[in-house]
Amino acid sequence: MTPTPLTEMTAWKALESHAATIQTKHLREMFAADPQRGERMTAEACGLFLDYSKHRIDDETLRLFQALAAESGLEDRRAAMFRGDKINVTENRAVLHTALRAPREAVIEVDGKNVVPDVHAVLDKMAAFAESIRSGAWTGYTGKPIRNVINIGIGGSDLGPVMAYEALRHYSERELTMRFVSNVDGSDFAEAVHDLDPEETLFIVSSKTFTTLETMTNAHSARVWALGKLKQTEAVAKHFVAVSTNAKEVAKFGIDTANMFGFWDWVGGRYSMDAAIGLSTMIAIGAENFRRMLAGFHAMDEHFRTAPLAQNLPFLMGMLTVWYTSFFGAETVAVLPYDNYLKRFPAYLQQLTMESNGKHVTLDGRHVNYQTCPIFWGEPGTNGQHSFYQLIHQGTRLIPCDFIGFAHSLNPLGNHHDLLMSNIFAQAEALAFGKTPEQVKAEGTADWLVPHRTFEGNRPSNVILAEKMTPEILGQLVALYEHSVFVQGVIWQIDSFDQWGVELGKVLAVRIIPELESATEPDLRHDSSTNALIRRYRRMRRKQA
């Protein structure tokens, strides 16, 4: 049965009408009319506190959010995901990243098989290997302990591990140097190994198929670099391990398949940082802290699965994104963590959100007639305040913001943390309430300068607070955004778990590579622009040679 098109749903039409009314109201008047708004419009779960009071919504908005969720079948689809139904329709796959952090006693089935024992078998294997590296029991080919670990991957095989390592660096083994190579640009690899000794370096090659162009190009360069000193091909097995499912290609590369860590096709790359893709994370922070992170993921999973929608953090955040994207024309969301350890969190969220929901057709192949995923971006505070906050405060675009902060610093230093956190509260307040011309004039500002110093306000934001940055909290934050993305996808009637848009450029690149490298002039059959660029590149290369 074909679902009702989104824009024809009763709740959607009601939200359209309601949005027209809300757009005429200012947050100043909403707060003035409801003195308890700031305490009332909050939700809390798993150690995360969400203040969503500074949004252009009222109680009717929240009621209509739930009505649209009901009409869209959100709770049924959520249940289908958790029980392992194949909700990734274009690839006919289950979507079970939640199984990666399920406790040992859980039962989650795919095609009639409980996958949880397999998940924990991989986690146990990872833990044993991580401990052997951390303890020095695993040595390189010449008997030296491993002091440097380089993760080679791209996309979900890189962004998650990099983000998690930076986020949890406080908990990491400082005797180990952890680096990450993703870009096929040779400079990325060259800088990563510049000051390292191959005898003390381990490479983790992360590619499900072991054929990913960028990853395998870097992996082969790593092999050449390592053997440049180690000489013997047998050394590869002591300095390379694989996160993959392709045992044949792994063995062909020279890696012992006993040191191959697998995962499953019911986990998308951008949802896999808590699986074997997180091997570098586990080596850095240890198995115990990694399991603490998994516990945080699972706690948020259970909250999303069971909490009433009115107090459900992923639901509220997901619907607010739908609200501004589809009804206010907002094109971006700024994620602004006021903790330097989360400096790579916005970059991680870019793949999670935009690869998931950057879609233009519905689950049944119809072209959408509404906006889907906004652009996610951001930088840590307070750096961003001296960069792009001007645009957020006084620009012409509506940019909803997520501020993330902590009550305690992991590195207490004088009054640094109070200064840091004062800026979260001040920025959210300034965005919401602004500064009227009358307030500016009352300060004695000259009339000609008043427009320049006026802040319209009415700019929406979330404030997310936790006690401190811990492995559990990181897991909860990531799962919060994962499930928020799911909510958005259900409402927009799109498949959040495929990524066909990634493929075309890859296919064309493979076609162009031999045209760039050919010793004779190739027969180019692209468009005139691409043909001209290839010819110019070839001339520039010949001139340099």
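## How we know what we see in this chain

In this predicted model, 73% of the contacts in the chain with a separation of 6 or more come from residues 24 or more positions apart.

Q: What makes a radius of gyration of 25 Å agree with a compact globule?
A: The chain has 545 residues, and a compact globule of that length would have a radius of gyration near 24 Å, so the chain's 25 Å agrees. Its C-alpha trace spans about 75 × 65 × 60 Å along the principal axes. As for the surface, the accessible area comes to about 24,000 Å², with 52% of it belonging to carbon and sulfur atoms. Of the 545 residues, 54% count as buried.

Q: Why is Asp 402 called buried?
A: Buried means under 20% relative accessible area. Asp 402 has 6% relative accessibility, so Asp 402 counts as buried. You will find this residue in strand E12, which covers residues 401-406.

Q: How do you know that the side chains of Asp 402 and Tyr 481 make a polar contact?
A: A polar contact needs a pair of N or O atoms within 3.5 Å. The side chains of Asp 402 and Tyr 481 have such a contact at 2.8 Å. Leaving aside neighbours within four places in sequence, Tyr 481 is one of the residues in contact with Asp 402, along with Met 317, Val 333, Ala 334, Val 335, Leu 336 and Asn 462. For a sense of scale, Ala 258 lies 144 residues from Asp 402 in sequence and 43 Å away in space, C-alpha to C-alpha.

Q: Why does His 417 count as buried?
A: The cut-off is again under 20%. His 417 comes in at 16% relative accessibility, so this residue counts as buried. His 417 belongs to helix H17, residues 416-433. Apart from neighbours within four places in sequence, His 417 is in contact with Phe 406, Ala 407, His 408 and Ser 409.

Q: What makes E1 and E11 edge strands in their sheet?
A: Among the 22 helices and 13 strands of the chain, six strands form an open sheet with mixed pairing, in the order E1-E2-E13-E12-E10-E11. Strand E1 (42-45) and strand E11 (375-377) each have a single partner strand, so one side of each is left without a neighbour in the sheet. From one strand to the next, the twist averages 15°.

Q: How do you know that E1 and E2 are paired?
A: Two strands pair if there are at least two bridges between them. E1 and strand E2 (residues 48-51) are joined by 4 bridges and run antiparallel. Thr 42 stands opposite Asp 51 in E2.

Q: What makes E7 and E8 a pair?
A: At least two bridges are required, and strand E7 (residues 201-206) pairs with strand E8 (residues 240-243) over 4 bridges, in the parallel sense. Ser 206 stands opposite Val 243 in E8.

How values were computed: Residues numbered from 1 in each chain as written. Predicted model: local features only at pLDDT ≥ 70, side-chain atom pairs only at ≥ 80, totals over all residues. Heavy atoms only, no water. Helix = DSSP H or I, 4+ residues; strand = E, 2+ residues; numbered from the N terminus. Buried < 20%, exposed > 50% of the residue type's maximum accessible area, 1.4 Å probe, protein only. Contact = heavy atoms within 4.5 Å. Polar contact = N/O pair within 3.5 Å; in protein donor to acceptor, adjacent residues only side chain to side chain. Axes fitted to C-alpha atoms, helices over the stretch in contact; angles between N-to-C directions. Rg over C-alpha atoms; globule rule 2.2 N^0.38 Å. Areas by Shrake-Rupley, 256 points an atom, 1.4 Å probe, with all protein chains shown as cover.
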